[in-house]
Amino acid sequence: MDGTFNENDLSRVVEADRAHIWHHLIQHKPFETNDPRIIVEGKGMRVWDQKGKEHLDAVSGGVWTVNVGYGRESICKAVYDQLMKLCYFANSAGSIPGAIFAEQLIDKMPGMSRVYYTNSGSEANEKAFKMVRQIAHKKYGGKKTKILYRDRDYHGSTLATMSAGGQDERTAQYGPFAPDFVRVPHCMEYRKHELDGAPEENFGEWAADQIEQVILREGPDTVGALCLEPVTAGGGVIEAPEGYWQRVQEICKKYDVLLHIDEVVCGVGRTGTWFGYQQYGIKPDFVTMAKGVASGYAAIACMVTTEEVFDMFKDDASDPMSYFRDISTFGGCTAGPAAAIENMRIIEDENLLGNCAAMGDRMMGNLQALMEKHKVIGDVRGKGLFLGAELVADRTSKEPVDEKLAQAVVADCMNQGVIIGVTNRSIPSRNNTLCFSPALIATADDIDQITDAVDGALGRVFG
Ligand code: PMP
């Protein structure tokens, strides 16, 4: 291309995108004949593409991120004002928004105490992993380096977080991985038939007991931490069954295993409480969060831990290796906490946690009604405004539908002006779970528009 680039000339933008952008998570072959989609603008729950078409966004920016909706002037203003005052300084010094947001965040997390800023969920998780490794060296003579993760969970795209990756679709082809990451079985009631020996009753406790079995097999003196999503996101929107979390907590305590809860998706309101783990009465040692922290208005992620963990790293002049020898350059960018403060104020002032819980109930009711009507829906599940509907070829065998059919439902919804997602990621190319995570500002009409679109799409794709 030549000449000056006019951002209003959207055909030029499409051309530049096709020529130079490597999009995330998708196959590019179709762009040889189809235009890539450019999202040009957003307001509230809706976005507009390069053709001017309006879409109701039922996935908060595609990946559960824009929790307070698009076009929030007050967040943009807070970021602008902060950047004019001080854009950046490395976080070995403090900043005003950094300190204020940390205090406000900790206020929502009884039992937690320290915030380590970084800029992506993967990185936040790696910080916790590194702390676990350092604790192993400081406190356990180099033992307790193992980190347990669960089948179907996801913790990031870097090599260490993929080493803790329970979704085979994402990890196949990227090995070899880092040592001392050990997988525990999933806790998905709907697919418990896949697990040898899973009982009909008390599956939650049994699934947690499988973690204990892994700890015993590996040796309790080698296991430092257990990392879990409160509600598994990309692995199929999976809430753990009754009895699971209580046993998990007991097991961690019994074997001196630190509990790391990955709230990158669930954190900051998505499930109807500030954090997903708060619905299950557990006390984590590490909590990581990213997407909803500033709803995508700035890149910010946090690794939050207890004073007890922090104390283990307190500077000791006689030991040069006593502190956490780590930095995240953009953990010092002040736009993140400035946006996060305003994001949190909006959630409080507009009672978005209450709205999330109420709209989540409405959406769950609508999806259950769709399940009565469409045999292809084998299960609906989730928490708050974070829901999934699993599509199966047969309700008895629970065989996933062909992914192309699930994608056809997504495409049909897109034609109707509603953006939904599809996931599973545990079996390569068998993504069969429709997923929904509208912004926490969704109204009853928005929710009904989403489920009406799904109803129509299922009718057309599956007859
Ligand atoms: N943990 C979970 C549960 C996630 O869903 C994701 C991202 N989808 C991550 C971690 C990684 O976050 P990021 O893409 O910001 O690195």
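## About the model

The model is predicted: local features need pLDDT of at least 70, side-chain atom pairs count only at pLDDT 80 or more, and totals for chains, interfaces and linings use all residues. Residues are numbered from 1 along each chain as its sequence is written.

## Two domains

Let's start with the overall layout. The chain is divided into domain 1 (37-66 + 351-462) and domain 2 (73-349), with bounds that come from an automatic or database domain assignment. Their centres, taken over C-alpha atoms, are separated by 26 Å.

Where the domains meet, 31 residues of domain 1 are in contact with 30 residues of domain 2; contact means that the C-beta atoms of two residues, placed from the backbone, lie within 7 Å. On the side of domain 1 that touches domain 2, α12 gives the most, with five residues. Helices (H or I, at least four residues) and strands (E, at least two) are DSSP runs, numbered from the N terminus. By class, that side of domain 1 has 14 nonpolar, 11 polar and six charged residues. Here Ala, Val, Leu, Ile, Met, Phe, Trp, Tyr, Cys and Pro count as nonpolar, Asp, Glu, Lys and Arg as charged, and the others, Gly among them, as polar.

## The nonpolar core

The largest nonpolar core has 126 residues, and those with the most contacts inside it are Cys302, Ala339, Ile420 and Leu434. Both domain 1 and domain 2 give residues to this core, so it lies between them. Such a core is a set of buried Ala, Val, Leu, Ile, Met, Phe, Trp, Tyr and Cys residues joined through C-beta atoms within 7 Å. A residue is buried if 20 or more other C-beta atoms lie within 10 Å of its own, exposed if 12 or fewer, and partly exposed in between, with C-beta atoms placed from the backbone.

Not counting residues up to four places away in sequence, Ile420 touches Ala58, Val59, Val410, Cys413, Leu434, Phe436 and Val454. Ile300 lies in the loop between β11 (286-289) and β12 (301-305), and counts as buried because it has 30 C-beta neighbours inside 10 Å.

## Around the ligand

Now for the ligand: 16 residues surround it, and the closest are Ser120, Gly121, Ser122, Gly156 and Val264. The shell divides into six nonpolar, eight polar and two charged residues.

Helix α5 (residues 121-139) provides the largest share of the shell, three residues. Just after α5, Gly141 takes a positive phi of about 55 degrees.

Most residues other than glycine have a negative phi, and most peptide bonds are trans. Which residues here stand out? Trp64, found in helix α2, has a positive phi near 55 degrees. Trp64 is buried, because 24 other C-beta atoms lie within 10 Å.

Asn351 sits in the loop between α11 (335-349) and α12, and its phi is also positive, near 45 degrees. Asn351 is exposed, with 12 other C-beta atoms within 10 Å. Finally, the peptide bond from Gly175 to Pro176 is cis, with omega near 0 degrees, and Pro176 is found in the loop between α7 (168-171) and β6.

How values were computed: A residue is near a molecule or strand if its C-beta atom, placed from the backbone, lies within 6 Å of it.
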